[in-house]
Amino acid sequence: MLRLPVIERIWRVRGEVALDHPLSAAEAFARLDPLFATAGTHYAVEGERLTYTKRNPSAQDKLATFTSGTLDVVQDRGRARLAFDLSSTALLLCFLAPLLFLAFGQIAETVNAWEKAGAETSEADKDEDEKPKPVRKLNPIDEMLGAPAPEDPNAKKDKDEEEEERHSPVEAYVLAGLFFVIYLVGRVLEPWLVKRRLRAALARPTERERAPATPA
Amino acid sequence: MSGTRVGKRIIGADAPVIVGWENIGRVEGGPIKQFVFTWFQPVMLFAAILFWYYAPNWLAVASTAIAIRLSFTVLLLALEWVNPRYRSWQLTWKEFATDVFYVGLGMTFIGMIESYIGDGAIIAAVQGAFDWDKFSWFTGLPLLLQAVLISMIFDLGQYWMHRGMHNWYPLWLTHAPHHYITQLNINKGAVGNPVELFLIGLGIGGFFDFLPRAFLLAGAIGMTVSVYQHINVRFNTPRWWRFIFNTVEHHSVHHSQDYEATRSNYSGTWIIWDRIFGTCVDGEAEVLGMEGGRRMDIGETMVFPFREGYRSARAQIRRRFGHSEPGARQLEPAE
């Protein structure tokens, strides 16, 4: 399989959690079970490895951001740790989202330029039907309460001669920047949260572990 | 589940819905928190009205409204963090990113399409065909009255469009993805198929030549009332407010997993439209969504109306020409 270690870091998260108490792989995975026993999640344990995939995880799924991954219990010099390697479609899409909004911005600019070119050729027809607009007056109640009077629409027209473009590309560019920020926040926050959730789950004994041992 | 009788209907037979105001949750905490979350909504409404009423002309422009809207959204996100209505609706990074995507789509792509075939273009065409100067007496009305009229007329249009979406299958197909949201957050109003977002954005408020300031005031009313439809904040909403205006309580009933409950509370701002037309159900719900709370991802949201429309049309044609289609999935419109 093709590996792209640097690029993969955009959507792949790797890390490990030290197991404070010595746990076998089966015990560790039993403690992690509530994290995976959720709607749309398929997982399988083979020896010391747990592999999972999620399809449309629910909004409150603790691992919703990472839709596939593997977790390994590694025994190393008497100490056990849980190594995880997770992939996130959400992080990848969020990383790519600025490109989409940059494209929308470019489309807006292109359409503006195209319409401007079209408008210049038909400039002559436009000047004909210029009717002065009536000047609106406020209701006496509003005048008494001190609301500012409406502007003369005819005076405003001269000022706005520059004519506004139909589509503003600014929103699209701001959104592209916003998605880049959201990606950066997610790339830092989500791995941190995953680590915290795995650590908390591993520290929590299962029902079976909590139950007092029945005398034989 | 037995449900509660409301008029001729049984609400809450399929999924839990609290009907009536007696048993809904209250703000928990000290007197300051109680005070803030009781008066926040009315104070913001009156502050917005005062601002747009007295702002000088150079400030009373659309770009100011956009800046205020953005700042207000950030404030409301903070309130969701501080005082959530339900823990099960709490915003996650992924939900936030998804919501911003839909908001962004509305601000860019859908906005561009609307500028050609949206209500602005339709209104310009209709205005050219009639002598609308006959309605110029409207602009002589007091500003606040104009603003309330604009808001109510626009909301009446939205009410019937929304009700139509819940009663006519082709329109329902466009609206269904919005009903797959499983929690309410401040940007969830933008979540849905672009066709629906375009349709619901069509308004009839702009036919009359109201004063620009009246439009901005109407926008301020919309911003400080209908914005709370999708919000995960617990408020002690005053009784008079929830009698007149739509609230997150009403809208959570509308988004409930209970089928009958979804057929209520169609208005965006003025719940009195629902009261007048007999579709109002006071109460609240926590368990939201369709198909038992299945979350719909962005890809499916984009293709859903077309895919289901194609499947339904194909099934219809096969039925008509005598071919049975075993196991064909019949998508149930919420009617």
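Contact is taken here to mean heavy atoms within 4.5 Å. On that basis, in this predicted model, residues 24 or more positions apart account for 57% of those contacts in chain A that have a separation of 6 or more. Chain A contains eight helices and five strands, which follow one another along the sequence in the pattern α-β-α-β-β-β-β-α-α-α-α-α-α. Of its 216 residues, 33% count as buried, and the chain exposes about 14,200 Å², of which carbon and sulfur atoms supply 59%.

Over all chains, the count of salt bridges comes to 19. One of them pairs A:D85 with A:R12, the closest N and O atoms being 2.3 Å apart; this pair links distant parts of the chain, since A:D85 belongs to strand β5 (residues 79-87) and A:R12 to strand β1 (residues 12-18) of chain A, 73 residues apart. Both A:D85 and A:R12 are buried. A salt bridge also joins A:D72 to A:R49, with the closest N and O atoms 2.8 Å apart, and here the link runs from strand β4 to strand β3 of chain A, across 23 residues of sequence. The two partners fall into separate accessibility classes: A:D72 has a relative accessibility of 18% and therefore counts as buried, whereas A:R49, with a relative accessible area of 40%, is partly exposed.

Helix α13 of chain B (residues 298-320) comprises 23 residues and reaches 34 Å from its first C-alpha to its last, close to the 33 Å expected at 1.5 Å a residue. An α-helix has 3.6 residues a turn, so residues three or four places apart point the same way. After α13(B) comes B:G322, with a positive phi near 80°.

The side chains of B:R307 and B:E308 meet in a salt bridge with an N to O distance of 3.0 Å. B:E308 counts as buried because its relative accessibility is 2%, while B:R307, at 25%, counts as partly exposed. Salt bridges that share partners join B:E291, B:R294, B:E300, B:R307, B:E308 and B:R311 into one network.

On the surface, a nonpolar patch is formed by B:I32, B:F35, B:V36, B:W39, B:V43, B:F46 and B:W240, which together have about 740 Å² of accessible area. Helix α1 of chain B (residues 31-54) gives the most to this patch, with six residues. B:F46 lies in that helix and, with a relative accessible area of 45%, is partly exposed.

Definitions and conventions:
Residues are numbered from 1 along each chain as its sequence is written. Chains are lettered from A and ligands numbered from 1 in the order in which they are written. This is a predicted model: local features need pLDDT of at least 70, side-chain atom pairs count only at pLDDT 80 or more; totals for chains, interfaces and linings use all residues. Side-chain values use heavy atoms; hydrogens and water are left out. Patches are made of residues with over 30% relative accessible area and no salt bridge: like charges are joined within 9 Å, nonpolar side chains (Val, Leu, Ile, Met, Phe, Trp, Tyr) within 5 Å. Accessible areas come from the Shrake-Rupley method with a 1.4 Å probe; for residues, only the protein chains shown count as cover. A salt bridge is a side-chain nitrogen of Lys or Arg within 4 Å of a carboxyl oxygen of Asp or Glu. Helices (H or I, at least four residues) and strands (E, at least two) are DSSP runs, numbered from the N terminus. Buried means under 20% relative accessible area, exposed over 50%, partly exposed in between (1.4 Å probe, protein chains only). The expected span of a helix is 1.5 Å times one less than its number of residues.
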